[in-house]
Amino acid sequence: MNKTITDGIVFTPPKFAFGLHHWSSQDGTPGQDDYDNEPNAAFVPADQDFSGCLELTKTQTVQKLRAFYQTPLSPGCYLRIRTRVKLVSGAFPTVSIAGWPGAAGNVHLTGVNEAGPVTSLNTYGEVVELSAIVGSGNRTGVDLHWGKDAIYGHFGLDLTGPSGGVVRIEDIIIEDISGAFVDQLIGAVDVRDYGAIGDGFADDHDAFEAADKAAAGREVLVPRGNFRINGAITFQNRVRFVGNITMPDSARLTLLKDFNLPSYIDAFGDEVVAFKKAYQSLLNFNDHYILDMGGRRIELDGPLDMQAAVDNKTVFNSRRVVQNGQIQANANAAWTPDQVVAQATYSTSDPKSLTSVANIANIAVGSLVEGTGVGREIYVKEVNVGSQSLTLSQPLYGAAGTHQFTFTRFKYLLDFSGFQKVSGAHFDGIDFQCTGNASAVLLPPDGETFHFRD
């Protein structure tokens, strides 16, 4: 990509031969002082090393040279500013490529580096090459990382160090070298070009949204790094994750063009986190109703709390399908059932309740109830610690009075007990592999049944 060729954009400021009124002794913004007729500046038409050059005497603490010309900048465009200089006489200064970044409304963009690498001039007559690269992305080799908000720059040099030195400066050249950064990514929009940092701490949410908007049908590239996204985000375009992202539990990632588990694994770099995030999106958007696991296997070291993964919902009544994968429990103590033995009272006048339940605070919703007069598959639906009562999934028989009951809370691969009600959930072609005490049976919330077709 070279915008000089493709779009006819001119980046290089006017030559010194065209007049020093094109060059500012300040920042380069309109109305500032120029070097025309200044005693410390003159155009030299012939020099043994340069065909034409500016001779400048350093008289200020920081002697600035900036073009009044506004060199345009855009996300994804990388420019190299270069020139050659030599010290003619006087004190030995230091010199660097420098620029003034302009944002929308012609305001100064603050908080960015405005000077490139510093070079010392310590030999008279020696020609020294200077260069610096400016661009929006925080890329290796970019000296002036100005982000996506810089739309132009006034470029030139800074002379620093001791004053009194006389320096000759060749015409400044600015060229588009974007191909050095994006030639292998022609069809992609890099999130770094829109301000993403990828250090695991800075919030890159806005940069990701800007990159997706700019993609307009192209692929969005998330390069190597750890990108923090602090809010929900929906990608309208395809996304290629080379690096990974982290998000708060409540923040949703929706990949409209890549809604499958392998894409979420690429995004988060962790299969369990990816499964929870994909399921969170599945229940929060109507654009898709099938989550394809792509044949991937999820290994669990403990029960997966599905309602915690979708913490903005406790009831869901629409059809959703998870298919084509494997969920496996790794053997460890996390799958050992919790068991509580407690005395409680049952009355046929309230057939789905136990009252005066001892040790009730330790009894979990979803526990299997066993004891006198208890039929098969009776579970605890609700627990009210304050009233020492609990609600059962079905009535008991022959259990009137006070008895001792055993409450066993099994550990499920996928635990939906936090939902009040979930219906229309299907698991097609999912292989549940249990180890030790883990249960392959999903806990049915509110009496609903989950459907399996293996």
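Before I count anything, let me say that helices here are DSSP runs of H or I with at least four residues, and strands are runs of E with at least two, both numbered from the N terminus. What you see is a predicted model, and by that definition the protein chain holds six helices and 37 strands. Its radius of gyration is 34 Å, well over the 22 Å that the globule rule gives for 454 residues, so the chain is more spread out than a compact globule. Along the principal axes, the C-alpha atoms fill a box of roughly 110 × 40 × 40 Å. Buried residues account for 47% of the 454, and if we take the contacts between residues at least 6 apart in sequence, 69% of them join residues at least 24 apart.

Now to the helix I wanted to show you, α4, which runs over residues 261-268 and is mostly covered, with six of its eight residues buried. Which residues of α4 are buried? They are L261, S263, Y264, I265, A267 and F268, and the elements that these buried residues pack against include the strands β20, β21 and β22, as well as the helix α5.

Note on methods
Residues are numbered from 1 along each chain as its sequence is written. This is a predicted model: local features need pLDDT of at least 70, side-chain atom pairs count only at pLDDT 80 or more; totals for chains, interfaces and linings use all residues. Side-chain values use heavy atoms; hydrogens and water are left out. Buried means under 20% relative accessible area, exposed over 50%, partly exposed in between (1.4 Å probe, protein chains only). Contact means heavy atoms within 4.5 Å. The radius of gyration is taken over C-alpha atoms; the globule rule is 2.2 Å times the number of residues to the power 0.38.
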